[in-house]
Amino acid sequence: MYRYLLSPTRLVAVTLLVPSLLALLLAVILQYGFHYYPCTLCIYERWPYFISTLIAIGLLLVENGNRFLIYFAVAFLFSGALITLYHIGVEMHLFTMPENCTITYGDTLNITNLYEQISTNEIVRCDDPQKLLGIRLTYLNLLYSLGSAFLVIFACVRNENRSTN
């Protein structure tokens, strides 16, 4: 029982689970606690953390986790970094902004309908950087995503070295 709880795959799964859950938790706290409303690309940047969390939970529930799933989760963390790089490019106007990063309104001839549509939607543009303590959230997310991926890779390499010795 003791060996099962501390198996190398489970330790790597915990190393994957904690940063992924923390990233999702921080995003929710920023959104609902501090009113940092996400744009469309910000929502896309959350998906790799969510998928990595699901993979980590799956690895914790099975006795002998598959190493392929760990690498798959790391690939998702790197894909999150790529999405964040694209978002940084949109913020710096290096790339064109996707059309779903703005809200379009229908029936704008009726002022009552237009007012209701505007008041019920938080308009957050993808090219308008949001900052926390003077640092763009996209920069923080890029560093966090890459750091999480490299942390899991380090844990995998360390566990492989332990198992060979």
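Helices (H or I, at least four residues) and strands (E, at least two) are DSSP runs, numbered from the N terminus. The model is predicted, so local features need pLDDT of at least 70 and side-chain atom pairs count only at pLDDT 80 or more, while totals for chains, interfaces and linings use all residues. Residues are numbered from 1 along each chain as its sequence is written, and side-chain values use heavy atoms, with hydrogens and water left out.

Select residues 137-157, a stretch that is 100% helix and 0% strand, with its end C-alpha atoms 30 Å apart. The unreviewed UniProt entry annotates residues 137-157 as "transmembrane region", an annotation that may be inferred rather than shown by experiment.

Next, pick serine 148, which is found in helix 6 (residues 137-164). Serine 148 has a relative accessible area of 5% and is therefore buried (under 20%, with a 1.4 Å probe and protein chains only). Show its side chain, where a polar atom lies 2.8 Å from the backbone oxygen of tyrosine 144.

Finally, select Ala27, Leu30, Glu45, Leu137 and Asn141, which among the 26 lining residues of the largest pocket lie nearest its centre. On a 1 Å grid over the protein atoms alone, a pocket is an open set of points with protein on both sides within 12 Å along at least five of seven lines, and lining residues have an atom within 4 Å of a point. Helix 2 supplies the largest share of this lining, 6 residues.

Technical notes
Buried means under 20% relative accessible area, exposed over 50%, partly exposed in between (1.4 Å probe, protein chains only). A polar contact is a pair of N or O atoms within 3.5 Å; within protein, one must be able to donate a hydrogen and the other to accept it, and residues adjacent in sequence count only if both atoms are side-chain atoms. On a 1 Å grid over the protein atoms alone, a cavity is a set of points where a 1.4 Å probe fits but cannot get out, and a pocket is an open set with protein on both sides within 12 Å along at least five of seven lines; lining residues have an atom within 4 Å of a point.
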